[in-house]
Amino acid sequence: MGKFADEQHVHQQQQIEENRVWSSSRFFCQRCSTGLYRIAEEFNFKCLLVLILSLSLFVFVLFSVFPFHAITSGFDAKESIKLSATVQVCFRLQKPVSLLVPHIGRLEYDIYEEIGVPGTKVAVLSIHQSDASNWTEVVFGVLSDPVHVPINQVWLSVLRSSLIEIFLEQSNLTLTESIFGVPSPIQILEFPGGITVIPVQSAFIWIPQILFNFSLLNSISDIVVNFVELKEQLKHGLHLRSYEDLYVQVRNEWGSTKDPPVTIQASVVSAFGILMPQRLKQLAETVSYTAISKNLGLDHSVFGKIKEISLSSYLEGTLHAPSPSPAPSPELDYYAEPSASPSPAPSPCLDCPVLGSPPPSISGPGCVSTVTPSSSPAPEADPPAPLNFLTYTAPPYLSPLPLDSYGSNLDRDSEFASRLISSSTFCKLPCLIYLFIICYFFQF
């Protein structure tokens, strides 16, 4: 009886096991269900926990050794390196991120070879996929080397000039073409001390004095793209003349070519040289009036509304200066011929006979003048004054001498000239030779 009870208990256990296997076979096959059931029987909760932790550690190590996600999403330098880069520049490459990240060291080397200056180093700050398809945006920085020593101001100025030339496409940023291809034009994101860009325009021998400036909510890149339109609208708004030209340079105080605002610094130059005071006053009045009423002639839809216009101290001083008397323009003065001097040339021989008098009587080696207007003898004349060789006609470029000092000499010379013109006879040969020699040397 007891044996029969034991067999019945074993039969019931087998029936329960078969029922469990049958219920699990709804999701797995019978063999798999049996295997899973036996594994569950052998392993407890502690073993399952150890297994899960082991799998998590394996996945973490796998992604640490092979950073697939980092390569596809981009690259970012440490925050300390980004903060140390006082100069930051960006450009784009037509290459996928996954091909650029493994060559960061080569990219830094190529950039330094193009723009590097002593006491600096180049570090790539970030590489990310650009908004445009198949383009990757690269941001690099220039750091001092060593980091705690600031960049020398001279080398900083050289670096600024190099970056501006590349920005204006006056020179190229050449990289290893087989790896990086041809880069796009650069954009300067940050530069200490600001940057001033002079767009391509008419050649000037010297940089003229800035007469006025104003601000626009545009970037330097926007101004360079629309520079021809900007210059033409300003010339029309300022009512410049045909022989006048406009000199413009653009500045951003933060040292960025990508972010607004900008300060437009302008000057007016003339083909005939400096501008006259009355013309400067006209320009000052025009700038002050059109800046408020007509936006200096600029199109609002392209350049927006001007801000913070200001005149230079030199131009502002002409507004309160008294109006000068009308004077010929400098171009007319430049070509004008010098006027003849009203002072007659002095005669070196006052004792010679004049035209219209009878032949003189010769007494000794000299020549004595005896002017007789009638047949009656003339009274004895006063002896002539000694010759003064300091009396001469001043050239037009010299200031005239005071008339008080040489008044008597000028009167005597004028009287002699009138007598010489009204006469009809000539001195004898020795007097003519003497006159010619004295006049010849007197010209020098």
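The structure is a predicted model, in which local features need pLDDT of at least 70 and side-chain atom pairs count only at pLDDT 80 or more, while totals for chains, interfaces and linings use all residues. Residues are numbered from 1 along each chain as its sequence is written, and side-chain values use heavy atoms, without hydrogens and water.

The chain holds 17 helices and 10 strands; helices (H or I, at least four residues) and strands (E, at least two) are DSSP runs, numbered from the N terminus. Of its 444 residues, 32% are buried, a term that denotes under 20% relative accessible area with a 1.4 Å probe, counting protein chains only.

Strands of a sheet pair through backbone hydrogen bonds, either parallel or antiparallel. Here, five strands form an open sheet in the order β6-β8-β9-β7-β10, with antiparallel pairing; two strands pair if DSSP finds at least two bridges between them. At the edges stand β6 (195-197) and β10 (307-311), each of which pairs on one side only. From one strand to the next, the twist averages 20 degrees. Strand β6 is joined by three bridges to β8 (residues 244-252), and Val197 stands opposite Val250 in β8.

Two helices accompany this sheet. Helix α11 (residues 227-237) packs on the sheet and touches β7 (212-216) and β8, where contact means heavy atoms within 4.5 Å. The direction of α11 makes about 130 degrees with that of β8; axes are lines fitted to C-alpha atoms, for helices over the stretch in contact, and angles run from 0 to 180 degrees between N-to-C directions. Helix α12 (residues 277-293) lies across β7, β8, β9 (262-270) and β10, and runs at about 165 degrees to β10.

Note on methods
Buried < 20%, exposed > 50% of the residue type's maximum accessible area, 1.4 Å probe, protein only.
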